[in-house]
Amino acid sequence: MNILDYLDYIGTFSFALSGALTAASKRFDIFGVIIIAFVTALGGGMIRDVLISAYPINWIANQNYLWLVLTAVFVMYLFKSKIIPWSKTFFIFDTVGLGVFTVIGLEKALQFDVGFQAAIIMGMISASFGGVIRDILTNRVPLILKREIYASASLFGGLTYVLGSKLSWNENLLTMLSIASVILIRSLAVKYHLHLPRIKNDLFTKNQ
Amino acid sequence: MNILDYLDYIGTFSFALSGALTAASKRFDIFGVIIIAFVTALGGGMIRDVLISAYPINWIANQNYLWLVLTAVFVMYLFKSKIIPWSKTFFIFDTVGLGVFTVIGLEKALQFDVGFQAAIIMGMISASFGGVIRDILTNRVPLILKREIYASASLFGGLTYVLGSKLSWNENLLTMLSIASVILIRSLAVKYHLHLPRIKNDLFTKNQ
Amino acid sequence: MNILDYLDYIGTFSFALSGALTAASKRFDIFGVIIIAFVTALGGGMIRDVLISAYPINWIANQNYLWLVLTAVFVMYLFKSKIIPWSKTFFIFDTVGLGVFTVIGLEKALQFDVGFQAAIIMGMISASFGGVIRDILTNRVPLILKREIYASASLFGGLTYVLGSKLSWNENLLTMLSIASVILIRSLAVKYHLHLPRIKNDLFTKNQ
């Protein structure tokens, strides 16, 4: 295992924990909590693998992922009264996961020869579509479509990777740099309440 | 055709009927009713086949499924005033379908060498994710995440199968035993209003 | 490029534009607008390609699609105050897209030997499931299930194609005829407010 594998496990664990917390707060039973933890952590990579035909898909190829998800759910139940007030801390893990999943997804897509444009999108799908499925299953409009610089940080990290790769930078350096750029952009966005622009509402209300 | 094939058709028909009733009660037009019947009956197996790369997928490999779905919709329209008061009876068919689809899905996954853990999950996906898609399309939080011992009965049946298989039990016996355990658990759960545990709400409301 | 390719690009552009308008009216940020435009235009073909195992999937095989989607989003932002009052005009493009995507999807499915029944369904999925994903992501009950002769026009066009094909009609003629039948049915349905039948509500309300 190299450092990216460790980071992958940390990201998976952290995404599973955040999914478990969301589900528990919606009063799902323990089975629903496991399902939501599972799709939040593994859904993005699963969609990526199906779209690029990378069989066996992520959680079938490496069944450690399943145990990681179950462990995260167990930890959530065990420490629930402690974890919830700490949710600020999880922002760090979640953001690291975003960066790591972006680069892992992008590199896997490049191995399947999808071209740079599609690889950047695959990195973003890996990193953020688990959360999209979580939101669909809990009947919310997916957060990434509305509120935060999240998937766009992932796209930026993917762009960084591809540009550096065209300039033949050292691959390990590039991996770290891309992850760091995702973390930096997302952290700055949250700290300074940055949003992407939206169209003003009155254009549409006038026409209804 | 062996007995499992007959049970498969009964399960498909019964799931299609339950989907058609849900859609009609939401005032979908006849086309919407067909779509919902289709995804309820075939969506779980379709997701399974895509995830394990079992091409051609279920309803393309065996086009009888399409006719079964259309027949179920036709039957629903023909007998609608009779069927709705009988909905208790359909609980039996629906529960048989749950058991049968679990074992069929699990056996198919094992043929594709996904390992026992993933096969149990694939059995559960086959049996219950048609209902999940139905609920997403009708804009409800999926029932299996909230209310009932349903997918968890499927997981238990899958576990039974895998344990018996490791003990080299007779395969036909094992198939019947697993199906029976799913039916038994779900029936007991509904009869005695059993639920899986949930976290109490106050932990979350305190923090909001 | 033959005429069908041009029509494909017009359909993609038009679907992307309609997705972008929907997302902007929901106050999604620019990134959310791009995502919704993307899935509206390319989601149907993407699902088709995964279901028939046609790898690489549509937007990976031909990356022009990505640029078309981005261009449509750009056009939407540039001319937003002009486009919205013109939305009647887009009905034409959208309906042409429906017809073209039906035939393209059906022909692609036939190349993968799925049989005529499944090919008709694949044509319908190609043409209308982008809109279904759009509606799921924006947390609405998919329009095609409730309100309009839309997917059913696509099914009718597919049926026309298959019947003509069994009668060995000229393929180019058949393509045009099928597209025209989709456009005609949808246009008549909208003009004369035609709907498919629904079950009356009182059957269900009596039983609740």
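## Where chains A and B meet

Across the interface of chain A and chain B, the rule finds 0 salt bridges, a salt bridge being a side-chain nitrogen of Lys or Arg within 4 Å of a carboxyl oxygen of Asp or Glu. This is a predicted model, in which local features need pLDDT of at least 70, side-chain atom pairs count only at pLDDT 80 or more, and totals for chains, interfaces and linings use all residues. Residues are numbered from 1 along each chain as its sequence is written, chains are lettered from A and ligands numbered from 1 in the order in which they are written, and side-chain values use heavy atoms, with hydrogens and water left out.

How much area do chain A and chain B bury between them? The two chains bury about 2,900 Å², and 71% of that is on carbon and sulfur atoms. Buried area here is the accessible area (1.4 Å probe) that two parts lose on being put together, summed over both. On the chain A side, A:Arg27, A:Asp29 and A:Phe31 lose the most area to chain B, and together they account for 23% of what that side buries. Counting contacts (heavy atoms within 4.5 Å), 31 residues of chain A touch 35 residues of chain B.

## Where chains A and C meet

The interface of chain A and chain C also has its own figures. Here 35 residues of chain A are in contact with 30 residues of chain C. About 2,900 Å² is buried between chain A and chain C, with 71% of it on carbon and sulfur atoms.

## How the copies are related

Two copies of a chain are related by a rotation about an axis and a shift along it. For chain A and chain C, a rotation of 120° with 0.0 Å of shift along the axis superposes one on the other, with an RMSD of 0.0 Å. That is the relation of a three-fold axis. The copies use different surfaces, as 11% of the contact residues of chain A recur in chain C. The superposition is by least squares on the C-alpha atoms of residues with pLDDT of at least 70 in both copies.

Chain A can likewise be laid on chain B by a turn of 120° and a shift of 0.0 Å along the axis, giving an RMSD of 0.0 Å. Again the copies use different surfaces: 13% of the contact residues of chain A recur in chain B.

## A look at chain A

What is chain A built from? Chain A has 10 helices and 0 strands, where helices (H or I, at least four residues) and strands (E, at least two) are DSSP runs, numbered from the N terminus. Of the 208 residues of chain A, 56% count as buried; buried means under 20% relative accessible area, exposed over 50%, and partly exposed in between (1.4 Å probe, protein chains only). Among contacts in chain A between residues at least 6 apart in sequence, 72% join residues at least 24 apart.

The accessible surface of chain A comes to about 9,200 Å², and 65% of this belongs to carbon and sulfur atoms. Accessible areas come from the Shrake-Rupley method with a 1.4 Å probe, and for residues only the protein chains shown count as cover. On the surface, A:Leu167, A:Trp169, A:Leu173 and A:Leu177 form a nonpolar patch with about 410 Å² of accessible area together. Patches are made of residues with over 30% relative accessible area and no salt bridge, with like charges joined within 9 Å and nonpolar side chains (Val, Leu, Ile, Met, Phe, Trp, Tyr) within 5 Å.

## Salt bridges to look for

Over all chains, the count comes to 15 salt bridges. In one of them, B:Lys108 pairs with B:Asp49, the closest N and O atoms being 3.2 Å apart. B:Lys108 lies in helix H6 (residues 87–111) of chain B and B:Asp49 in helix H2 (residues 30–51) of chain B, so the pair ties together parts that are 59 residues apart in sequence. B:Lys108 is partly exposed, at 23% relative accessible area, whereas B:Asp49 is buried, at 0%.

Also in chain B, the side chains of B:Asp135 and B:Arg140 meet in a salt bridge of 2.7 Å, N to O. B:Asp135 counts as buried at 1% relative accessibility, while B:Arg140 is partly exposed at 28%. In chain C, C:Arg186 and C:Asp94 form a salt bridge of 3.9 Å, N to O. This pair links distant parts of the chain, with C:Arg186 in helix H9 (residues 171–191) of chain C and C:Asp94 in helix H6 (residues 87–111) of chain C, 92 residues apart.
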